[in-house]
Amino acid sequence: MMEKILIGWQKQPNKLNIQGTIEKAIEDITGEQVELNASGRTDAGVHALAQVANFKTNSKLPIEKFPLAINSKLKKSIVIKEAEEVDERFHSRLTCKQKTYRYVINNTHNGTAIYRNMECHIPTKLDIDKMQRAVKYFIGEHDFKAFKASGTSSKSSVRTIYDAKVYKDNERVFIELTGNGFLYNMVRIISGTLVDVGLGKIKPEEIETIINMGKRENAGKTLPAHGLYLVKVDYK
């Protein structure tokens, strides 16, 4: 399990990325070229508090020593939190049961300089009660066609949301979604739609119609990547 910020996960030629950086660190330690399988790809700017990835190794290094060893080769923006041995059939993405994402909004008038790359600033006061009523419409199995970005490779846009909530802590608003899978930009588009509810542009009860019509133009805008966090990945 690892923690990372800012740069994207997927390995790309001549571009800074999480996957390639960790694979290089593992190679430096074990002398082996490995391929990391992650629970999912995160775009540049998206944060992960608990990304999960697996790889195969013949190294004799004790499993409990891997986090410290790998971290010694990494930049401070990536941290390996823990390591464990898994069954040969385990695959971080294919055996994942559900994921939890959180979107963080700074709802103050002036925002913040220190956390500007870790939350989305919306200066206009949001109606949290309306957002809390609206978010419940996302729970259950739905076709989320209206909440996916163009270029999504998934054949089906049907997903199941197990839990969805909006809550506030001081002047920060949090949108949290737990589901069996998410389409490209799905959480950021749902969050943008809920912001429109909070701004009075969309009524809470209209969410059901937006889902059923399946038209992207009826949903809200895609909020910036830097407000999004992968919080938890479950395998049971």
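## A guided tour of the model

You are looking at a predicted model, where local features need pLDDT of at least 70 and side-chain atom pairs count only at pLDDT 80 or more, while totals for chains, interfaces and linings use all residues. Residues are numbered from 1 along each chain as its sequence is written, and side-chain values use heavy atoms, with hydrogens and water left out.

Stay zoomed out for a moment. The C-alpha atoms fill a box of roughly 60 × 40 × 30 Å along the principal axes. Of the 236 residues, 45% are buried (under 20% relative accessible area, with a 1.4 Å probe and protein chains only).

Now select helix 5, residues 206–213. Which of its residues are buried? Show the side chains of Ile207, Ile210 and Ile211. Look down the helix axis: the buried residues fall within an arc of 100 degrees, so they line one face of helix 5 (the arc is that of the directions from the axis to the C-beta atoms). In general, an α-helix has 3.6 residues a turn, so residues three or four places apart point the same way.

Finally, step just past the end of helix 5 to Gly214, which takes a positive phi of about 70 degrees.

Methods
Buried < 20%, exposed > 50% of the residue type's maximum accessible area, 1.4 Å probe, protein only. Helix = DSSP H or I, 4+ residues; strand = E, 2+ residues; numbered from the N terminus.
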